[in-house]
Amino acid sequence: YVRFHLISPLIQQSAENIVLFDTFVNILAHNLGEPAYEADVAQLEYKLVAGEHGLVIRVKGFNHKLPLLFQLIIDYLSDFSFTPAVFEMITEQLKKTYFNILIKPETLAKDMRLLILEHGRWSMIDKYQTLMNGLSIESLSSFVTAFKSQLFVEGLVQGNFTS
C-alpha cells in the first residue's frame with residue numbers, strides 16, 4: 001500500500017484554483033486510463049483523489065510491480081499534457097457534477113455548514129459559478145505549472161518494501 005499526499009497552498013487561494021485543480025485531477029485520471037489498464041488487469045489498484053489541500057495518490061497491490069505503477073502516475077503528473085477536446089469534455093463533466101451536488105438539499109446543507117465553520121472555504125456555488133463563467137486552457141496550464149512548483153509531500157508506504 002502506497003499513499004502520497006501532494007499538498008499545495010495554491011489550491012485554496014480562490015474558487016477558480018479549486019476548479020482548475022479538479023479539472024487537472026480529472027484530466028490526469030483520464031490520461032492514465034489506457035496506460036494503467038494493464039496494471040488493473042494484474043490486480044494493482046490506484047486512485048487519484050482531489051483533496052481539499054492537494055492530490056492524494058493511492059496505490060495498492062502486489063509489491064514487486066507496485067513501484068512501476070506509481071512511477072507511471074508520477075511520469076504522467078510531471079509531463080502533464082492535454083488536448084482541447086479532453087479539456088472541454090472534462091469541464092462539461094464537472095459542470096454536471098457540481099450541478100448535481102447543488103440540487104441535493106443534504107449535500108448543499110453540508111456545504112453551507114462547512115462554509116460557516118471553516119475559514120477560507122469556497123462554496124460549491126462559487127465553484128459552479130466559476131466553472132460556468134468559463135475556464136481557459138491557458139489558465140489550466142499556468143495553474144498546473146504553479147501547482148507543481150509549490151508542492152509539499154507526505155507519504156506512507158506499508159507492506160513488503162525495503163527502506
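**Pocket, helices and burial**

Q: Which helix gives the largest share of the lining of the largest pocket?
A: H1 does, with five residues. A helix here is a DSSP run of H or I with at least four residues, a strand is an E run of at least two, and both are numbered from the N terminus. A heads-up: this is a predicted model, where local features need pLDDT of at least 70 and side-chain atom pairs count only at pLDDT 80 or more, while totals for chains, interfaces and linings use all residues. Residues are numbered from 1 along each chain as its sequence is written, and side-chain values use heavy atoms, with hydrogens and water left out.

Q: What makes something a pocket rather than a cavity?
A: On a 1 Å grid over the protein atoms alone, a cavity is a set of points where a 1.4 Å probe fits but cannot get out, whereas a pocket is an open set with protein on both sides within 12 Å along at least five of seven lines. Lining residues have an atom within 4 Å of a point. By that rule 19 residues line the largest pocket, and Ile18, Asp22, Ala50, Gly51 and Lys127 lie nearest its centre. H1, H4 and H6 each supply at least two residues of the lining.

Q: How is the lining of the largest pocket divided into nonpolar, polar and charged?
A: It has ten nonpolar, four polar and five charged residues. Ala, Val, Leu, Ile, Met, Phe, Trp, Tyr, Cys and Pro count as nonpolar, Asp, Glu, Lys and Arg as charged, and the others, Gly among them, as polar.

Q: Why is Asn17 called buried?
A: Its relative accessible area is 12%, and buried means under 20%, exposed over 50%, partly exposed in between (1.4 Å probe, protein chains only). So Asn17, at 12%, counts as buried. Asn17 sits in helix H1 and touches Leu10, Ile11 and Phe143, not counting residues up to four places away in sequence; contact means heavy atoms within 4.5 Å.

Q: What makes Asn26 partly exposed?
A: Asn26, also a residue of H1, has a relative accessible area of 32%, so it falls in the in-between class. Leaving aside neighbours within four places in sequence, Asn26 is in contact with Ile90 and Leu94.

Q: How do you know whether Asp111 is buried or exposed?
A: At a relative accessible area of 7%, Asp111 is buried. Asp111 lies in H5, and its contacts beyond four places in sequence are Arg121, Ser123 and Met124.

Q: Which residues of helix H6 are buried?
A: In H6 (residues 124-133) they are Met124, Lys127, Tyr128, Thr130 and Leu131. They cover an arc of only 160° around the axis, which puts them on the same side of H6; the arc is that of the directions from the helix axis to the C-beta atoms. An α-helix has 3.6 residues a turn, so residues three or four places apart point the same way. The cover over the buried residues of H6 includes H1 (15-32), H4 (84-102) and H5 (105-117).
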